[in-house]
Amino acid sequence: MLPSSSCCTSSTPAFRFKNQPFFLHSTAFSAPFRLCHSGSKYQISRRGIAFRGIVATGIAAMDSASLATKPAQGLEVLPYKIEGYNFWTWRGHKIHYVEQGEGTPIVLVHGFGASAFHWRYNIPELAKKYKVYAIDLLGFGWSEKALVEYDAVIWRDQVIDFLKEIVKEPAIMVGNSLGGFTVLASAASLPEKVAGVVLLNSAGQFGDPNAQPEEPKQENILEKIVIKPVKEIFQRVFLGFLFWQAKQPARVTSVLKSVYVNSSNVDDYLVESITQPAADPKAGEVYFRLMSRFMSNQRKYTLDSLLSKLSCPLLLIWGDLDPWVGPNKAKQIKEFYPSTTVVNLQAGHCPHDEVPELVNTALLDWLSNLNLEKLPLPTSVNVS
């Protein structure tokens, strides 16, 4: 859903998020972010709105298209279940997922702070022709609010194991925002289980070829005994307030409307699907760990490093009016990875929920031209 944004220092990223909701698009947590790469680190960053006309360019099956923005009308909606749908145990943690339909599997991965319910308009339509899974990442949605150390690869590993243990056959991977970065990392690590990748306003940044590797910083006694504990206390108080603020329904609604160009679909269903998980007793601690640690401890994984290991068709469905991730990133991805089809929409950060009819059509058209029955499986690549 929505991670995203412009650069802030890695040492105190949390303090750059004042008054910003944390669900990458509307997260039930509190400040939209995008994994950005500066030197060898991921950092938080924000971008201004990039306005562009509706253009669709690509290779292979889709040569061009022009798609207009309109609210969802008459689409079937995934029933909202406060108890959730299916659960799977991963590394001792309870993971929620939705499963519908039959056929070639499609796995949907939400963005930061969202859940499987963010695919409410996509699951029923896609399930008419395919077997659809939508998974809640650890710490989000109806999955367990595990008190673990969140890093750049924890969700990648979760999705990889989900493919191995639940899906059990090559799948089409679809992800929005942080979910886009996650499915791309999963496809790079387990190519034999991925037949195609679809990114919707994906998080992640290209690496800086001129960046110098950073030397690990050694903490002195004063930093360990005094500065670090005091800093953590201050962070807990500050982030605790942000979390309380960010999970208020009115605040969630406001943030959602800021990233949906057409806010017709910002409704009680959507807001409830974000605020309900935030009521979990452990949600505040998960939020603290994400904001104070996850944002500042990323290294190693950049879009170019992941794309260089990708060996399957790639579709980009991009909301060009996204205030956090503009269309230039889609252009960069296509330039780096030519086996890419691009569909640009006049929509915000979450086109799958804002203009689901257009996203469903673009995805189904692309899938129909993949000839999945005859699609050769990619060669296995080991990723350290």
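## Strand pairing around S9

Leu 108 has Val 174 in S9 as its bridge partner. The strands involved, S7 and S9, run parallel and are joined over four bridges; two strands count as paired if DSSP finds at least two bridges between them. Helices (H or I, at least four residues) and strands (E, at least two) are DSSP runs, numbered from the N terminus. The model is predicted, and local features need pLDDT of at least 70, side-chain atom pairs count only at pLDDT 80 or more, and totals for chains, interfaces and linings use all residues. Residues are numbered from 1 along each chain as its sequence is written, and side-chain values use heavy atoms, with hydrogens and water left out.

S9 also pairs with strand S10 (residues 194-200), again in the parallel sense, over six bridges. Here Ile 172 has Gly 196 in S10 as its bridge partner. Together with helix H3 (residues 178-189), S9 and S10 form a right-handed β-α-β unit. Right-handed means that, with the strands pointing away from the viewer, the path from the first strand over the helix to the second runs clockwise.

## Burial of S9

Strand S9 (residues 171-176) is largely enclosed by the rest of the structure, because six of its six residues are buried. Buried means under 20% relative accessible area, exposed over 50%, and partly exposed in between (1.4 Å probe, protein chains only). Ala 171, Met 173 and Gly 175 point one way from the strand, while Ile 172, Val 174 and Asn 176 point the other way, and all are buried.

## One face of H9

In helix H9 (residues 327-336), the buried residues are Pro 327, Lys 329, Ala 330 and Ile 333. They line one face of the helix, because they fall within an arc of 155 degrees when seen down the axis of H9; the arc is that of the directions from the helix axis to the C-beta atoms. An α-helix has 3.6 residues a turn, so residues three or four places apart point the same way.

The cover over the buried residues of H9 includes S10, helix H8 (303-307), strand S11 (314-319) and strand S12 (340-345).

## Surroundings of Pro 124

Pro 124 lies in helix H1 (residues 123-126) and counts as buried, at 7% relative accessibility. Leaving aside residues up to four places away in sequence, Pro 124 touches Glu 76, Val 77, Leu 78, Gln 100 and Trp 119, where contact means heavy atoms within 4.5 Å. Pro 124 and Gln 100 are 24 residues apart in sequence, with a C-alpha to C-alpha distance of 7.6 Å.

## Salt bridges

The whole structure contains eight salt bridges, each defined as a side-chain nitrogen of Lys or Arg within 4 Å of a carboxyl oxygen of Asp or Glu. One of them joins the side chains of Arg 120 and Asp 353 at 2.7 Å, N to O. This pair links distant parts of the chain, 233 residues apart: Arg 120 is in the loop between strand S7 (105-109) and H1, and Asp 353 is in helix H10 (residues 351-354). Both Arg 120 and Asp 353 are buried.

Lys 128 and Glu 125 form another salt bridge, with the closest N and O atoms 3.1 Å apart. Lys 128 is exposed at 57% relative accessibility, whereas Glu 125 is partly exposed at 26%. Between Arg 156 and Asp 157 the closest N and O atoms are 2.9 Å apart. Arg 156 is buried at 12%, and Asp 157 is buried at 18%. Salt bridges with shared partners join Arg 91, Arg 156 and Asp 157 into one network.
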